[in-house]
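This report walks through one protein model, beginning with a single residue and widening to the whole chain. Please keep the sequence and the structure open while reading.

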Amino acid sequence: MSTPAQYYQSLPPVSKFYGVACLMTTSAFYLALYDPWNIALSYQDVFKRFQVWRLITNFFFLGPFSPFFAIRLIMIARYGVLLERVPFDKRTADYVWMLMFGALSLLVMAAIPFLWTPFMAGSLVFMIVYVWSREFPNAQISIYGVVTLKGFYLPWALLALDLIFGASLMEDIIGMVAGHLYYFLTVFHRLAGGKYVLKTPLWVHKLVAYWGEGIQINSPVQRDPSAGVAFRGRSYRLDGNRARTTTAPSEQNQTDNSARQPNSGEGVAFRGKSYRLSGH
């Protein structure tokens with residue numbers, strides 16, 4: 001069995017980042033380090049007071065520590081990780097774009113007063129679950145060890161459980177709508193002969209390349225070579241001469257050839273005319 005550190009290192013980068021960010025946000029709230037209403041979604045504060053961070057921070061608060069928080073965090077660790085490892089394997093930029101598109105869709109829906117919620121992290125998690133259920137429709141899922149059903153019905157089963165537990169269904173429903181919209185534009189629309197209208201933008205590829213985590217096959221942007229490098233500079237040999245960091249191939253060949261040619265003056269202590277002992 002792997003240790004917790006090994007399990008953490010094995011997680012794909014995007015799901016790991018989002019899960020840890022949600023955990024740290026709730027932990028900071030538990031320690032009373034901030035008022036959660038300062039990060040809640042409020043369009044009035046966004047447009048009148050220019051508090052634009054609310055458009056992002058509301059997606060990282062899953063609520064206080066509770067069974068509801070634990071279930072949502074497990075959803076990220078379970079279904080978000082599986083989604084990133086299989087359908088989005090070596091497609092980190094596409095997975096980031098899926099989450100961004102879901103967040104943008106939820107923000108648009110939240111502009112409608114009766115669909116507004118102050119924190120939409122639960123809706124984004126439910127979108128992940130919905131997309132997973134579409135990608136793994138025949139997977140066998142056990143609900144608390146009591147009911148076993150196919151993956152396609154998982155969002156509806158979770159919706160029924162929230163209804164039984166008395167939780168709000170609005171977050172779940174708009175999350176399912178955002179997930180269905182993404183899956184329709186990326187799969188159903190293309191299967192019907194439509195154009196691929198939800199291609200990952202170039203700036204998302206650049207963002208992932210600059211981040212330096214994950215892999216994106218056929219990416220139009222090369223990964224940033226400086227990602228993860230703490231220091232760059234010139235190196236020096238111990239004898240005081242500066243060492244070259246890079247050498248062109250032609251220069252390298254010339255250096256090798258010159259090294260192979262014997263130096264006629266190397267090791268000679270005296271040069272001059274030679275005479276035989278007979279005097280001729």
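## A buried asparagine

N58 is buried, with a relative accessible area of 0%, where buried means under 20% relative accessible area, exposed means over 50%, and partly exposed lies in between, using a 1.4 Å probe and protein chains only. The model is a predicted one, in which local features need pLDDT of at least 70 and side-chain atom pairs count only at pLDDT 80 or more, whereas totals for chains, interfaces and linings use all residues. Residues are numbered from 1 along each chain as its sequence is written, and side-chain values use heavy atoms, with hydrogens and water left out.

N58 sits in the loop between α4 (54-57) and α5 (67-85); helices here are DSSP runs of H or I with at least four residues, strands are runs of E with at least two, and both are numbered from the N terminus. The side chain of N58 reaches the backbone oxygen of R54 at 2.7 Å and the backbone oxygen of L55 at 3.4 Å. When neighbours within four places in sequence are left aside, N58 is in contact (heavy atoms within 4.5 Å) with I39, A40, L41, L107, P118, F119, M120 and A121.

Strand β1 runs antiparallel to β2 (residues 147-150), and four bridges join them; two strands pair if DSSP finds at least two bridges between them. One of these links is between I143 and its bridge partner in β2, V147. The hairpin has three residues between the strands, and Y144 takes a positive phi near 55 degrees.

## Helix α8 and its surroundings

Helix α8 (residues 154-165) has 12 residues and reaches 16 Å from its first C-alpha to its last, which is close to the 16 Å expected at 1.5 Å a residue; the expected span is 1.5 Å times one less than the number of residues. The buried residues of α8 are L154, P155, A157, L158, L159, L161 and D162, and they pack against α5, α7 (121-135), β1, β2 and α9 (170-191). After α8 comes G166, whose phi is positive, near 80 degrees.

## M109 and the annotated spans

M109 belongs to helix α6 (residues 92-110) and is buried, with a relative accessible area of 16%. Leaving aside neighbours within four places in sequence, M109 is in contact with L115, I174, V177 and A178. The C-alpha atoms of M109 and A178 are separated by 9.0 Å, although the two residues are 69 residues apart along the chain.

An unreviewed UniProt entry lists residues 17-34, 55-76, 96-129 and 173-192 as "transmembrane region"; annotations of this kind may be inferred rather than shown by experiment. In the model, residues 55-76 are 59% helix and 0% strand, with end C-alpha atoms 21 Å apart, while residues 96-129 are 71% helix and 0% strand, with end C-alpha atoms 15 Å apart.

## The whole chain

The secondary structure comes to 11 helices and two strands, following the pattern α-α-α-α-α-α-α-β-β-α-α-α-α along the sequence. Of the 280 residues, 37% count as buried. Among contacts between residues at least 6 apart in sequence, 61% join residues at least 24 apart.

Definitions and conventions: A polar contact is a pair of N or O atoms within 3.5 Å; within protein, one must be able to donate a hydrogen and the other to accept it, and residues adjacent in sequence count only if both atoms are side-chain atoms.
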